[in-house]
Amino acid sequence: MELNKYIDHTLLKSTATERDIIDLCNEAKKHKFFSVCINSSYIPLAKQLLKGSSVKICTVVGFPLGATATSTKVFEAKQAIEAGAQEIDMVINIGFLRSKNYVEVFKDISDVKLAIGKIPLKVIIEISELSKNDIVKACEICLDAKADFVKTSTGFSKSGATLTAVKIMKKTVKDRAKIKASGGIGDFETAKKYIEIGVDRIGTSKGVAIVSEQMSEA
């Protein structure tokens, strides 16, 4: 299992310095992670550092609350792509979903997807704030809006990914969308369990520790 190829090497803290981003990108290149996931202000720096490597640049939109206007998310996404982002992780409007305002939830996701075209869109549904039925509904709306991935968590809420929630997500989306698990995944055995139940990508700030552990067990 080439676990490194599943990892979005993530640093989204507001306190992240330029030195932190340089280290993140160097680690991603060294371990051949799928991408770095960073805030959009650091895209130009990451683009410079990752030039000539296979590591992609992923950024977040409407992060971490998801409550910004759809037009703002669209603008953010477009600007990020112009700067060099190759994947977009957007946060769903959780309040609209819990209000059962499904039309606006759909429009929010669909407008961003239409704006970015073939660029992969991962939609963060923030499972810690949702019931089982909400998770199913969120996944169904993501499919209707042509999202490429459904993603568990921002990592900034009460808790992160759970195997139970991911199983619900997988049962709902089947093979019509991919799944990204993020939040609290910090060791090889946990990462392996998620991949075994059908996760296509793992968002973690502990990527180096995970692949180091895998190598030591090999």
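Serine 216 is found in helix α9, which covers residues 207-217; helices here are DSSP runs of H or I with at least four residues, strands are runs of E with at least two, and both are numbered from the N terminus. The model is a predicted one, in which local features need pLDDT of at least 70 and side-chain atom pairs count only at pLDDT 80 or more, while totals for chains, interfaces and linings use all residues. Residues are numbered from 1 along each chain as its sequence is written, and side-chain values use heavy atoms, with hydrogens and water left out.

With a relative accessibility of 60%, serine 216 counts as exposed, where exposed means over 50% relative accessible area, buried under 20% and partly exposed in between, with a 1.4 Å probe and protein chains only. The side chain of serine 216 reaches the backbone oxygen of glutamate 213 at 2.8 Å, a polar contact being a pair of N or O atoms within 3.5 Å of which, within protein, one must be able to donate a hydrogen and the other to accept it, and residues adjacent in sequence count only if both atoms are side-chain atoms. Between serine 216 and isoleucine 88 there are 33 Å from C-alpha to C-alpha, and the two are 128 residues apart in sequence.

The chain as a whole has nine helices and eight strands. Its radius of gyration is 16 Å, close to the 17 Å that the globule rule gives for 218 residues, so the chain is as compact as a globular protein of that length; the radius is taken over C-alpha atoms, and the rule is 2.2 Å times the number of residues to the power 0.38. The C-alpha trace spans about 45 × 35 × 30 Å along its principal axes, and buried residues make up 50% of the 218 residues. Of the contacts with a separation of 6 or more, 67% are between residues 24 or more positions apart, contact meaning heavy atoms within 4.5 Å.

In the segment before β1 (7-11) lies asparagine 4, which counts as buried at 15% relative accessibility. A polar atom of the asparagine 4 side chain lies 2.9 Å from the backbone oxygen of histidine 31. Apart from neighbours within four places in sequence, asparagine 4 is in contact with His31, Lys32, Phe33, Phe34 and Val211. Among these, lysine 32 is placed in the loop between α1 (18-31) and β2 (35-38); lysine 32 has a phi near 55 degrees, a positive value in a residue other than glycine, and is partly exposed with a relative accessible area of 48%. Arginine 201 lies over the face of phenylalanine 34, at 3.7 Å from the ring centre, on the criterion that NZ of Lys or CZ of Arg is within 6 Å of the ring centre and within 35 degrees of the ring normal.

A search of the whole structure finds one aromatic pair. Phenylalanine 63 and phenylalanine 156 form this pair, which is edge-to-face, with 5.3 Å from centre to centre and 85 degrees between the planes; rings of Phe, Tyr and Trp (its six-membered ring) pair if their centres lie within 6.5 Å, and planes under 30 degrees apart count as stacked, over 60 as edge-to-face and the rest as tilted. Phenylalanine 63 lies in the loop between β3 (56-61) and α3 (70-83) and phenylalanine 156 in the loop between β6 (149-151) and α7 (163-173), so the pair ties together parts that are 93 residues apart in sequence. The peptide bond from phenylalanine 63 to proline 64 is cis, with omega near 0 degrees.
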